[in-house]
Amino acid sequence: MILVYFLASLLATIVSAGNAADLVGTWTTKSRQVITGPGFYDPVKDKLLEPKLPGISFSFTADGHFEEAFYRAISNPQNPSCPKGIMQWQHGTYTVSGDGSLHLTPIEVDGRQLLSDPCSSSKALYTRYNQTEKYTSFTVAVDPYYDSVRLDLHAFDGSPMIPMYLAYQPPEMLPTTTLNPVTSKKAKRQAKVEPDESFNLRALVSKDTLVDPNRWLWVGVIMSAMGGIAMFFS
Ligand SMILES: *[C@@H]1O[C@H](CO)[C@@H](O)[C@H](O)[C@H]1NC(C)=O
């Protein structure tokens, strides 16, 4: 009986691999503090809102739109006491190819990044962010341990990302159309955010360590997947 159950769940896992319809919803990492939508990015004030805990979130609609929110501490190997904090947000369209890979194409002018680097600057750097992403495969399956539906994305080199769990269905998202049709002057000239708006990095790093013991692995994965931002950390 147990064997039958095991085989059935294995089959369910295999069957659900790479099926675009299974992506629909809002997904978030274990802490559930990072959720796409107006709680992460305020398009009217053109401002990223710092969550209480680090994490990542993806949303997908049935008609091919995605939104992504990302909040992490980035270690600094040269100077471990000087970590950086980073928030990234973008949205756009997605496709699933015949080989099961997932492709995200952001709306170029809408993405935003906030980088806090307290050791080199007292101010955080707020810029546009535009990064196409490719995941070689994904699976959606029930995770019996968390009693929740789980999404696993595999980066371009096949390595697994930190798992995400289904938070909302239908998804929690900002409008999927272009939010900043007129280029925001603020983001364009890479406006400095005032010091009181930069991250509480000490809290971020200590919470990050508590929440996610896998971060060393997957920060590396993310960093390789988003090669475009690597220059910020070299
Ligand atoms: C956004 O990224 C795409 C793909 O890398 C690139 O072709 C495009 O020129 C970028 N747009 C802007 C405004 O940077």
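The legends below describe several close-up views of one predicted protein model.

View 1. The protein has four helices and 14 strands, where helices (H or I, at least four residues) and strands (E, at least two) are DSSP runs numbered from the N terminus. Of its 234 residues, 48% are buried, a term that stands for under 20% relative accessible area, while exposed stands for over 50% and partly exposed for values in between (1.4 Å probe, protein chains only). Among contacts with a separation of 6 or more, 65% join residues 24 or more positions apart, a contact being heavy atoms within 4.5 Å. Residues are numbered from 1 along each chain as its sequence is written. Because this is a predicted model, local features need pLDDT of at least 70 and side-chain atom pairs count only at pLDDT 80 or more, whereas totals for chains, interfaces and linings use all residues, and side-chain values use heavy atoms, with hydrogens and water left out.

View 2. Glu108, Arg128, Asn130 and Thr132 are the residues around the ligand, each having a heavy atom within 4 Å of it. A polar side-chain atom of glutamate 108 lies 3.3 Å from a nitrogen atom of the ligand, and an N or O atom in the side chain of asparagine 130 is 2.4 Å from a ligand oxygen atom. On its own the ligand has 360 Å² of accessible area, of which the protein covers 41%; such areas come from the Shrake-Rupley method with a 1.4 Å probe, and for residues only the protein chains shown count as cover.

**View 3. The disulfide of cysteine 82 and cysteine 119.** A search of the whole structure finds one disulfide, defined as a pair of cysteine sulfur atoms within 2.5 Å. Here the sulfur atoms of cysteine 82 and cysteine 119 are 1.8 Å apart, and the torsion about their S-S bond is about -90°, so the disulfide is left-handed. Cysteine 82 lies in the loop between strand S5 (65–74) and strand S6 (84–96), and cysteine 119 in the loop between strand S8 (112–116) and strand S9 (124–128), so the pair ties together parts that are 37 residues apart in sequence. Cysteine 82 counts as buried at 7% relative accessibility, whereas cysteine 119, at 48%, counts as partly exposed.

View 4. Histidine 91 lies in strand S6 and, at 1% relative accessibility, counts as buried.

View 5. The peptide bond from glutamine 169 to proline 170 is cis, with omega near 5°, and proline 170 lies in the loop between S13 and helix H2 (185–188). Arginine 32, which is not a glycine, has a positive phi of about 60° and lies in the loop between strand S1 (25–28) and strand S2 (41–42). Aspartate 46 also has a positive phi, of about 50°, and is found in the loop between S2 and strand S3 (47–48).

Key:
A polar contact is a pair of N or O atoms within 3.5 Å; within protein, one must be able to donate a hydrogen and the other to accept it, and residues adjacent in sequence count only if both atoms are side-chain atoms.
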